[in-house]
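Here are my notes on the structure, point by point. Please read them with the coordinates open.

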Amino acid sequence: MDNSSVKNWKNWALQMAIEISTDATNAAIASIQRYFATNLNEEIGGLGAGALLSFFLKEIGPVVYNKGVADAQTRMQERVMELDVEVYEEAFTYWAKQGRQGARQK
């Protein structure tokens, strides 16, 4: 990749940063702090936990996001493949449903 391609890709990547709501951010920071205290016997402040969350969202978030998109795409393709079975209608059944009643009398 040349420098302009790398620069364009970086600009696109920055625009595609995974963002979560303020409530989700606050809950995630609290969860990170609890994890550190419970599992590592370490304290981590809100700023450190926020920085760690930001790193995870930028570095690991796209992997999880892309997996979710791929799973959704696979499921949608499976559903599309089932459409013919789910919504199929037999053609030219009028006379069969009418039986001999709809047939011309001679």
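1. A word on terms. Axes are lines fitted to C-alpha atoms, for helices over the stretch in contact, and angles run from 0 to 180 degrees between N-to-C directions. Keep in mind that this is a predicted model.

2. Overall fold. The protein chain has five helices and zero strands. Along the sequence the pattern reads α-α-α-α-α.

3. Surface. The protein chain has 106 residues, and 6% of them count as buried. Its accessible surface is about 9,700 Å², with 57% belonging to carbon and sulfur atoms.

4. Helix packing. Helix α2 spans residues 22-39 and helix α3 residues 46-59. Their axes come within 9 Å and cross at roughly 110°. Angles of 65 to 115 degrees count as roughly perpendicular, so α2 is roughly perpendicular to α3.

5. The contact itself. From α2 come Thr25, Ala28, Ile29, Ile32, Gln33 and Phe36. From α3 come Gly46, Ala49, Gly50, Leu52 and Leu53. By type, the contact of α2 with α3 has seven nonpolar residues, four polar and no charged.

6. Aromatic pairs. The structure holds two. In one, the ring centres of Phe55 and Phe56 are 5.9 Å apart and the planes stand at 50°, so the pair is tilted. Phe55 is partly exposed, at 45% relative accessible area. Phe56 is also partly exposed, at 35%.

7. The other pair. How are the rings of Tyr94 and Trp95 arranged? Their centres lie 4.8 Å apart with planes at 85°, so this pair is edge-to-face. Both Tyr94 and Trp95 are exposed.

Definitions and conventions. Residues numbered from 1 in each chain as written. Predicted model: local features only at pLDDT ≥ 70, side-chain atom pairs only at ≥ 80, totals over all residues. Heavy atoms only, no water. Helix = DSSP H or I, 4+ residues; strand = E, 2+ residues; numbered from the N terminus. Parallel < 35°, antiparallel > 145°, perpendicular 65-115°, else oblique. Contact = heavy atoms within 4.5 Å. Nonpolar A, V, L, I, M, F, W, Y, C, P; charged D, E, K, R; others polar. Buried < 20%, exposed > 50% of the residue type's maximum accessible area, 1.4 Å probe, protein only. Areas by Shrake-Rupley, 256 points an atom, 1.4 Å probe, with all protein chains shown as cover. Phe/Tyr/Trp six-rings, centres within 6.5 Å; stacked < 30°, edge-to-face > 60°.
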